[in-house]
Amino acid sequence: MRRIPFSRGVTLFRYAPQTIGADGYPVDQAPVGVLIQANVQPAEGKDLEILPEGDRSKEVVRYSTLTEVRTVEQSAGTQADVLEVNGVRYEVKSADWWGGVRPHCEGLAVRVEVQP
């Protein structure tokens, strides 16, 4: 089994596409959690430049994993994946697939507060 160096268990939450309820409004689906291996580190100043201005003041992490990670896709009504690291959740804001000798996905995720 291939691994990302210095990786640890991280829970990846993936949401199914929204459905339309009887009242005609979109209905969010419950996320499904899967344990993946990922290297997660605090993001550096240069990383923050690719984020929207409103996300730059939040806690941001850079991740690297062999698992496909998805961002929000408004046209399909799909929410972004959420990574849970040590009980803290981060919404995926960027996900880039790198092929070649060691294919992997890496990107940035921003801390989100869990609604009670």
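1. The lining of the largest pocket comprises five nonpolar, one polar and two charged residues. Here Ala, Val, Leu, Ile, Met, Phe, Trp, Tyr, Cys and Pro count as nonpolar, Asp, Glu, Lys and Arg as charged, and the others, Gly among them, as polar. The lining residues are Tyr15, Pro31, Val82, Arg89, Val112, Glu113, Val114 and Gln115. The volume of this pocket is about 150 Å³. A pocket is an open set of points on a 1 Å grid over the protein atoms alone, where a 1.4 Å probe fits, with protein on both sides within 12 Å along at least five of seven lines; lining residues have an atom within 4 Å of a point. Grid points are joined across faces, edges and corners, and the volume is the space filled by probe spheres set on them.

2. The model is predicted: local features need pLDDT of at least 70, side-chain atom pairs count only at pLDDT 80 or more, and totals for chains, interfaces and linings use all residues. Residues are numbered from 1 along each chain as its sequence is written, and side-chain values use heavy atoms, with hydrogens and water left out.

3. The protein contains one helix and nine strands (DSSP runs numbered from the N terminus; helices are H or I with at least four residues, strands are E with at least two). Their order along the sequence is β-β-β-β-α-β-β-β-β-β. Of the 116 residues, 31% are buried (under 20% relative accessible area, with exposed meaning over 50% and partly exposed in between; 1.4 Å probe, protein chains only).

4. The largest nonpolar core has 15 residues, and Val10, Ile36, Val40, Tyr63, Leu83, Tyr90 and Ala109 have the most contacts inside it. At least two residues of this core come from each of strands E1 (8-14), E4 (32-42), E5 (60-65), E6 (82-85), E7 (88-92) and E9 (104-112). Such a core is a set of buried Ala, Val, Leu, Ile, Met, Phe, Trp, Tyr and Cys residues joined through side-chain atoms within 4.5 Å.

5. Asp81 lies in the loop between E5 and E6. Is this residue buried or exposed? Asp81 counts as buried because its relative accessibility is 1%. Its side chain makes a polar contact of 2.7 Å with that of Arg14 (N or O atoms within 3.5 Å; within protein, one must be able to donate a hydrogen and the other to accept it, and residues adjacent in sequence count only if both atoms are side-chain atoms).

6. Asn86 is placed in the loop between E6 and E7. Although Asn86 is not a glycine, its phi is positive, about 55°. Asn86 counts as exposed because its relative accessibility is 67%.
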